[in-house]
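Hello,

Here is the structure I said I would pass on. My notes on its pockets follow below.

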Amino acid sequence: MIVVDDIRASKRAFPHVVLTIGSFDGVHRGHRRILDDVIRAAREAKGTAALLTLSPHPREFFSPENAPNLLTCHEKKLQLLEEAGLDVVFILPFNHDVAGLEPLKFIETVIHDRCRAREILVGHDFCFGKDAKGNFDLLRQAAPHYGYEARQIPPLLVDGERVSSTSIRERILQGDLERAERLLGRKYSIRGEVIRGRGIGVKLGYPTANIKPLHSAMPAQGVYVAEVLVDGDRHAAAVNIGIAPTVRQEDLLIEAFLLDFQGDLVGRNIELVFHKRLRPEKKFPNYDALIAQITEDVSAVRAYFEAI
């Protein structure tokens, strides 16, 4: 898959571009439905299956202190798009100039002049341009003038529920990973950098990797069965998300104890793949009670993976 980091600065041309447009945060089952149609149309035309996406997310740009709880970091999203079968991802760096583009100007300067789209497939809630005033009707009306065909893909329903990044995000924040997985089409995961902690896990006999996430949709506080991906290898893990109240930790942490693993992960990027929530986080009367519960949690994790 080719990634064009700044479509405004690129003069690369691709044959018969079949384009979709959007954030595609999570690359969930609804997104995959659109991507499948884009790829199918591109293959039939012996053309190029492409996505145009903004970076950073507009809400990140305008309100960094109130950024959205993204489901995927940039690198993970690109990985999922490549796995889906896309040929090209056009990235439009988002700034005040882009935010100020009127919808018709966006069609002319970005979709037509830069992406050179011949077919455009978008979702049911597609909007674009200044103040999100552009919609599918405008895109379709402009199609004859700019020489492309436009088609809208209906929403995907799973068990009667419309699949959306918002609904998945809500499930994850509630700790309902099973439902989130149904809507995503895969287990939810978080990528992050391992940072140095206070060494309390070592003192308790369960050294943990402390993770600083690269995106922000954090499952509800509690203990989880998970896998940790380190350089392509998978390790069963007990993961705690919370403030560690028993040891007076104030900031929200992600701590992972990797079963049967030895080594220093500080400074490395890893990925946590969540399987299920074991229990909510709670405060224990003393360290002995905390250690007993951790031992029980680790046994539950081991039993889970032995059973699958």
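The lining of the largest pocket is made up of 24 nonpolar, 14 polar and eight charged residues. This is a predicted model, and what follows was computed from it.

In total, 46 residues line the largest pocket. Those nearest its centre are Gly22, Ser23, Phe24, Asp125 and Cys127. Several elements give two or more residues to this lining: strand 2 (17-21), helix 1 (29-44), strand 3 (48-55), helix 2 (58-62), helix 4 (96-99), strand 5 (117-123), strand 6 (127-128) and helix 7 (165-174). Helix 1 gives the most, with four residues. The space in the largest pocket comes to about 1200 Å³.

The second largest pocket holds about 920 Å³ of space. Its lining has 43 residues, and Gly201, Tyr206, Pro207, Thr208 and Glu255 are the closest to its centre. Here the elements that give two or more residues are strand 11 (189-195), helix 9 (200-204), strand 12 (209-213), strand 14 (233-242), strand 15 (253-258) and helix 10 (287-307). Which of them gives the most to the lining of the second largest pocket? Strand 15 does, with five residues. By class, the lining of the second largest pocket divides into 25 nonpolar, ten polar and eight charged residues.

Regards

Conventions:
Residues are numbered from 1 along each chain as its sequence is written. This is a predicted model: local features need pLDDT of at least 70, side-chain atom pairs count only at pLDDT 80 or more; totals for chains, interfaces and linings use all residues. Side-chain values use heavy atoms; hydrogens and water are left out. On a 1 Å grid over the protein atoms alone, a cavity is a set of points where a 1.4 Å probe fits but cannot get out, and a pocket is an open set with protein on both sides within 12 Å along at least five of seven lines; lining residues have an atom within 4 Å of a point. Grid points are joined across faces, edges and corners, and a volume is the space filled by probe spheres set on the points. Ala, Val, Leu, Ile, Met, Phe, Trp, Tyr, Cys and Pro count as nonpolar, Asp, Glu, Lys and Arg as charged, and the others, Gly among them, as polar.
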